[in-house]
Amino acid sequence: MKRCIAFLTLVLGSLLSLTSVLADDPIRQMQADAMRSKSASWGYWGTDPSRYSTWTNHSNRLIPIYTFGLDMEVLRNEGSLYRRSDALQKLYGRVPTGSLNPKAEYFDQTDIYRLQKLAFAAGKKNIILMVFDGMDWNTTQAAAIYKQQNVAFTEGRGSGLAFLDYRNVPSDYGYCVTSAHHSDAKTDVSAQLVIDGQLGDAGGYDPLRGGRAPWETAKSRDYLIGKDRQQPDCVTDSASSATSMTCGIKTYNAAINVTVDGKQVEPIGRWLQREHGFRIGVVTSVPISHATPAAAYANNVSRNDYQDITRDLLGLPSSSHRMPLEGADVVIGAGWGVHQDQAPGQGGNFAAGNIYADLEDLRRSDIDNGGRYVVAQRTAGKNGSRLLDDAARRAVAENGRLLGFFGTDQAHLPFRTADGRYDPAEDVKGTEVYEPADINENPTLAEMTEAALQVLQSSEKGFWLMIEAGDIDWANHANNIDSSIGAVFSGEDAFQATVNWIDDRDAWDDTALIVTSDHGHHFVLREPEALIHKKQ
């Protein structure tokens, strides 16, 4: 009887504690209520307003671009690629249905590659590409409303977040099409061959169906998620979209810097390294060999060949480069703690163990074992921020490279939520629960960014750096508004760390910063005021 009473007391205490947390955390409460009732008056994911969650994949919404230290006037003066049939023919190999628009004001995602080339031509020595993975205009607006507790904008660039408001340097704003060349391909990963890179639906963008601006309600929301039966259209993934930004080409979904017929393309970071002596950095809050960081440096016919992608990043022999690449100077991200005995998608050279990086590769890369990298891995009882900072300082002192490998057993950094805690509510993927060690033993994305800049700033010729706030995409895939807003704030902190570094050194004359996303999702916020919870 005593045990029964004690158990009931424990359960009641837990429920009261949860109720207290939810009452003090209104966005978490909104997420929990929406999952319980399967609907929410204030918003929904997908195209069915009566259900909170009907779509967990990407969308083809137009995506914002923010530039700092450079503008987009050259692109504007030339006019959108979507105004010219010859440009579309060159881009897609055809003129996609509905895509020719003589009044188009939007760019293409390949123009982000061109912006980086223009920045270099203008004499910029530091080129930073910051990718808020999965963050479309709608996600940005939701985070800005919650942060400033005001519906301050319903169109345009907006305000209320650091990358919206920063004005210490001339800044520009636009938006782009993210469509892939094709949705599917048949490949041989072990042989690194593309057998057919033009399978599935083809890409393009029809503004009459998808909208002429990111904030415009689409006439065919099914079109934005590739479900319009009258006009099928492929929805991009992170690999093809990241390849557009780093190589300036359209390719099939899952391709890492290869064309639809399998030819390897050199990403801009490697070109700057090879031709101009730039140092290269890659920072991410998700696995180091996931699609976006992979496209910063590697080549692979499949984004799922994680261990080989890591080998490219670290300058080790891989299935795509048996004579290894030079390797990036800084690689910091997650993927620690995820192990598998088999991974068919990785080909014949997969080594059982960590799915994202063969731990033997990390060992041989360590400067203490004759390698080139000062390695900082998540370590029990060690503060992740201090561990990474110490490694960065040693890399600078010994003129070495820096490799940081962190994360939880879910492969990513702990999800920050809207109120700054790390306590995600239930979503369509389940519920992630973190131990205190998960928080203590991992650095934040902002701290990873600071460590990367600490090492890269020693380059006399310049550097190229990609920073990915990848947990926004994971939160949006999970249809979790609380984690989505918190992930935007984590990315915002990394942006602030970046501009603080530039401001402190008065380095804007030498620096170009581009902030964008690789694709959108399909969250609809129909009651923006619901995110306002001013304390009494």
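Hi everyone, let's start with two helices: the axes of H5 and helix H10 (residues 238-247) come within 6 Å of each other and cross at roughly 30°. Angles under 35 degrees count as roughly parallel, so H5 and H10 are described as roughly parallel to each other. Their crossing is right-handed. Before I go on, please keep in mind that this is a predicted model.

Which residues meet where these two helices touch? From H5 we have Thr110, Ile112, Tyr113 and Gln116, and from H10 they meet Ser244, Met245, Thr246 and Cys247.

Let's stay with H5 for a moment. Helix H5 covers residues 110-121, which makes 12 residues. How far apart should its ends be? At 1.5 Å a residue, the helix should span 16 Å, and the end C-alpha atoms are 17 Å apart, so the two values agree. Now look at its side chains. The buried residues in H5 are Thr110, Asp111, Ile112, Tyr113, Leu115, Gln116 and Ala119. Just after H5 you'll find Gly123, with a positive phi of about 95°.

That brings me to backbone angles. Most residues other than glycine have a negative phi. Here are two that go the other way. Gln149 is not a glycine, yet its phi is positive, about 50°. You can find Gln149 in the loop between helix H6 (137-148) and helix H7 (162-165). Asp506 also has a positive phi, near 50°, and is a residue other than glycine. Asp506 belongs to the loop between helix H19 (481-504) and E15.

Are these two residues buried or exposed? Gln149 has a relative accessible area of 16%, and the cut-off for buried is under 20%, so Gln149 is buried. For Asp506 the relative accessible area is 67%, so this residue is exposed.

Terms used: Residues are numbered from 1 along each chain as its sequence is written. This is a predicted model: local features need pLDDT of at least 70, side-chain atom pairs count only at pLDDT 80 or more; totals for chains, interfaces and linings use all residues. Side-chain values use heavy atoms; hydrogens and water are left out. Helices (H or I, at least four residues) and strands (E, at least two) are DSSP runs, numbered from the N terminus. Buried means under 20% relative accessible area, exposed over 50%, partly exposed in between (1.4 Å probe, protein chains only). The expected span of a helix is 1.5 Å times one less than its number of residues. Axes are lines fitted to C-alpha atoms, for helices over the stretch in contact, and angles run from 0 to 180 degrees between N-to-C directions. Angles under 35 degrees count as roughly parallel, over 145 as roughly antiparallel, 65 to 115 as roughly perpendicular and the rest as oblique. A crossing is left-handed if the near helix is turned anticlockwise from the far one by less than a right angle, and right-handed if clockwise. Contact means heavy atoms within 4.5 Å.
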